[in-house]
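Please read them with the coordinates open.

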Amino acid sequence: MNKYITIIIVLVLLVGAGIAYKQFSGKEEVRLTGEVKEFTIYARKNHWSWDPDTISVNEGDRVKITAINEDDYDHGFALDQFGITQRLPAGGRITVEFLADKAGEWPYYCSVAC
């Protein structure tokens, strides 16, 4: 068989496999909402939980969270499903940003053992 025909057959098979994977993989593309949702959460002095302890966004939103530590001790901010973990120094603030590309309920928590 001619080597050019072999190359063309291999390319067609690769493209076909890619299309089939995209169609049947079960993964849907995240549709960006175009919205940026901004939140400020606080680690209050001697409070031992985030305030507020719940935030809501839609899948496809860009999320910007500013965490402020009003406590005299270091804390941390973690949101495992989006690969976020940052140290939050006493009296400090951090900002994290991510795309909410997964639907569900995802806990955020202090990643520093108190």
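1. Which residue's side chain does the side chain of T66 join in a polar contact? The partner is T95: the two side chains make a polar contact of 3.4 Å. The model is a predicted one, and side-chain atom pairs in it count only at pLDDT 80 or more. T66 itself belongs to strand 3, which covers residues 62-69. Its relative accessibility is 12%, and because buried means under 20%, T66 counts as buried.

2. R62 is also placed in strand 3. With a relative accessible area of 45%, R62 is partly exposed, since that class lies between the 20% and 50% limits. R62 and L14 are 48 residues apart along the chain, and 34 Å separates their C-alpha atoms.

3. How many of the 22 residues of helix 1 are buried? The count is 0, and the helix is hardly covered. At the N-terminal end of helix 1 the cap is N2, with a side-chain oxygen 3.0 Å from the backbone nitrogen of Y4.

4. Next, the aromatic residues. A search of the whole structure gives 3 aromatic pairs. One of them is W50 with F77: the ring centres are 5.8 Å apart and the planes stand at 75°, so the pair is edge-to-face, given that angles over 60 degrees fall in that class. W50 sits in strand 2 (residues 50-51) and F77 in strand 4 (residues 75-79), so this pair ties together parts that are 27 residues apart in sequence. Both W50 and F77 are buried.

5. F77 has a further ring partner in Y108, and this pair is tilted, at 5.7 Å centre to centre with 35° between the planes. Because F77 lies in strand 4 and Y108 in the segment after strand 6 (93-99), the pair ties together parts 31 residues apart in sequence. Y108 is buried, as is F77. Through these ring pairs W50, F77 and Y108 are linked into a cluster.

6. The peptide bond between D51 and P52 deserves a look in the viewer: it is cis, with omega about 0°. P52 is located in the loop between strand 2 and strand 3.

7. Where is E70 found? It is in the loop between strand 3 and strand 4. The relative accessible area of E70 is 36%, so this residue is partly exposed. E70 and R93 are 23 residues apart in sequence, while their C-alpha atoms are 8.9 Å apart in space.

8. Last, the largest pocket. The space in it is about 410 Å³. Its lining is made up of 20 residues, and those nearest the centre are I55, V57, G104, E105 and W106. What is the class make-up of the lining of the largest pocket? The lining has 12 nonpolar, 4 polar and 4 charged residues.

Conventions. Residues numbered from 1 in each chain as written. Predicted model: local features only at pLDDT ≥ 70, side-chain atom pairs only at ≥ 80, totals over all residues. Heavy atoms only, no water. 1 Å grid on protein atoms, 1.4 Å probe; cavity = no way out; pocket = protein on both sides within 12 Å on 5 of 7 lines; lining within 4 Å. Points joined across faces, edges and corners; volume = space filled by probe spheres on them. Nonpolar A, V, L, I, M, F, W, Y, C, P; charged D, E, K, R; others polar. Buried < 20%, exposed > 50% of the residue type's maximum accessible area, 1.4 Å probe, protein only. Helix = DSSP H or I, 4+ residues; strand = E, 2+ residues; numbered from the N terminus. Polar contact = N/O pair within 3.5 Å; in protein donor to acceptor, adjacent residues only side chain to side chain. Phe/Tyr/Trp six-rings, centres within 6.5 Å; stacked < 30°, edge-to-face > 60°.
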